[in-house]
Amino acid sequence: MNEQQNNPEQIPSGSLTVQKAPSRPPAGQGLIQALQRPLPAAVAVLALLLAVQTWTSHNRINTLRRDMAQSLQKGNAVNADTAALAREVSDTAKELQIKVGVLESRQSEAQTQQLALEQLYQDLSKNRDEWALSEVEQVLNTASQQLQLAGNVQGALIALQNADRSLGRSDKPQFLNIRRAIGADIERLKAMPAVDLAGVALRLDNVIAQVDTLPMLSDEKPLLPAAPVRSTRKQRPEPVTENLSLGQRMIQTWRNWSQEMWDDVRQLVRVRSVETPEALMLSPTESFFVRENLKLRLLNARLALLSRNEATFRDDLNSAQEILLKYFDTRARSTQSAQAALRQVQANNLTIEMPTLSESLNAVRNYKAKQ
């Protein structure tokens with residue numbers, strides 16, 4: 001009876017004694033007590049870090065794939081632009097060939113006219129004054145053609161001065177009106193702004209010759225990695241592992257391994273700030289096409305310069321400056337020199353209206369018509 005009173009969990013039932021099972025703690029308290037243990041907590045933290053690292057690596061790989069796809073698309077676009085520009089240059093070259101053919105035909109016509117005039121001089125035995133007038137008219141015609149077709153101001157000026165000198169040798173007052181008209185055309189040509197087309201073309205040729213040696217952003221070589229610095233680990237006293245539990249040992253091992261991994265990653269990754277990241281990802285083939293595209297732009301600008309096409313000349317030079325600024329290393333002295341040369345070329349004005357020398361030609365023809 002005393003045992004039953006001391007142990008209330010036993011309930012008498014006839015001759016048998018039923019003992020009540022001990023109560024269990026709640027499930028939440030058991031999980032918390034399990035997580036408070038060192039080893040499961042370290043394993044859980046390690047598993048969580050590995051999962052985060054796996055997810056981060058997967059995202060970086062997907063981002064790199066998208067960047068490579070975009071770079072390939074841009075490379076294809078550059079190739080298409082280059083092909084279109086090549087066709088445009090080919091068409092422009094054909095047009096220039098046609099113009100050159102017209103110039104050659106007119107030059108041959110001028111030569112034929114000169115031969116016909118010489119033969120006419122010999123057949124009709126003209127006197128000296130008539131021969132001088134015919135020669136002056138021929139010179140004025142040639143100078144007018146040079147001005148209108150080639151813009152050769154210096155050649156036309158020399159032709160007018162020779163014509164005035166030829167009339168001055170005759171020393172006749174009848175030629176004063178002709179010489180006055182020629183003098184007015186000479187002053188008009190001298191007052192025109194001079195455009196050194198040959199000098200501008202030479203500057204463009206020099207820039208074209210330097211294109212293959214200009215450094216590109218994608219050509220830059222990375223620096224050699226420096227030796228990893230792990231002095232912080234060496235300076236720390238090594239903990240006594242005999243007194244550490246298994247969880248503390250795993251945490252210490254994880255810290256050491258993560259520090260070594262971070263030191264290695266810092267040697268592999270190099271951060272650089274650029275405005276056009278796609279310029280750093282050009283392949284050797286794409287870099288070759290970028291250089292060729294720049295050459296074609298400069299060659300097209302040179303052709304537009306010789307044909308006095310102001311709009312095409314400006315557009316091609318602006319495109320060349322954009323290519324230099326986007327894909328080439330503008331910190332290099334050679335690139336800066338090329339940009340300065342192109343700015344000097346762009347400063348030239350091609351929109352100059354050439355005179356026709358109609359006043360001198362009309363004076364000569366009116367005098368001949370009165371004879």
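1. Helices here are DSSP runs of H or I with at least four residues, numbered from the N terminus, and it is in this sense that Leu 305 is said to lie in helix H10. The model is a predicted one, and the remarks that follow should be read with that in mind. On this assignment, the secondary structure of the chain comes to 13 helices and two strands.

2. As to the chain overall, 27% of its 371 residues count as buried. When contacts between residues at least 6 apart in sequence are considered, 78% of them join residues at least 24 apart.

3. The axes of helix H7, residues 197–210, and helix H10, residues 284–306, come within 10 Å of each other and cross at roughly 170 degrees. Because angles over 145 degrees count as roughly antiparallel, H7 is roughly antiparallel to H10. From H7 the contact takes in Leu 197, Val 200, Ala 201, Leu 204, Asp 205, Val 207 and Ile 208, which meet Lys 295, Leu 298, Leu 299, Ala 301, Arg 302 and Leu 305 of H10. Sorted by class, the residues of this contact of H7 with H10 are 10 nonpolar, no polar and three charged.

4. Leu 305 deserves a point of its own, as a residue of H10 that is listed in the contact with H7 and also in the contact with H11. Its relative accessibility is 0%, and Leu 305 therefore counts as buried. Leu 305 and Leu 197 are 108 residues apart along the chain, yet their C-alpha atoms are separated by 7.2 Å.

5. H10 also packs against helix H11, residues 310–327, at an angle of about 155 degrees and with the two axes 8 Å apart. That angle makes H10 roughly antiparallel to H11, and the crossing of the two helices is left-handed. On the H10 side the contact is formed by Val 290, Asn 293, Leu 294, Arg 297, Leu 298, Asn 300, Ala 301, Ala 304 and Leu 305, while H11 contributes Thr 312, Phe 313, Asp 315, Asp 316, Leu 317, Ser 319, Ala 320, Ile 323, Leu 324 and Tyr 327. The residues of this contact of H10 with H11 divide into 12 nonpolar, four polar and three charged.

6. H7 has a further partner in helix H12, residues 333–346, on which it packs at an angle of about 155 degrees, with the axes 10 Å apart. H7 is thus roughly antiparallel to H12, and the crossing of H7 and H12 is left-handed. Val 200, Arg 203, Leu 204, Val 207 and Gln 210 of H7 make the contact with Ser 334, Ala 338, Ala 341, Leu 342, Gln 344 and Val 345 of H12. By class, there are seven nonpolar, three polar and one charged residues in the contact of H7 with H12.

7. Turning to individual side chains, Asp 164 lies in helix H5, which spans residues 153–170. Apart from its neighbours within four places in sequence, Asp 164 is in contact with Arg 179 and Ile 182. The side chains of Asp 164 and Arg 179 are joined by a polar contact of 3.1 Å, whereas for Ile 182 the C-alpha atom is 6.7 Å from that of Asp 164, at a separation of 18 residues in sequence.

8. Gln 138 is found in helix H4, residues 128–150. With a relative accessibility of 11%, which is under the 20% limit, Gln 138 counts as buried. If residues up to four places away in sequence are not counted, Gln 138 touches Ala 110, Gln 113 and Leu 117.

9. Finally, Ser 258 has its place in helix H9, residues 246–268. Its relative accessibility is 24%, so Ser 258 counts as partly exposed. The side chain of Ser 258 reaches the backbone oxygen of Arg 255 at 2.9 Å.

Key. Residues numbered from 1 in each chain as written. Predicted model: local features only at pLDDT ≥ 70, side-chain atom pairs only at ≥ 80, totals over all residues. Heavy atoms only, no water. Axes fitted to C-alpha atoms, helices over the stretch in contact; angles between N-to-C directions. Parallel < 35°, antiparallel > 145°, perpendicular 65-115°, else oblique. Contact = heavy atoms within 4.5 Å. Nonpolar A, V, L, I, M, F, W, Y, C, P; charged D, E, K, R; others polar. Left-handed = near helix turned anticlockwise from the far one by under 90°. Buried < 20%, exposed > 50% of the residue type's maximum accessible area, 1.4 Å probe, protein only. Polar contact = N/O pair within 3.5 Å; in protein donor to acceptor, adjacent residues only side chain to side chain.
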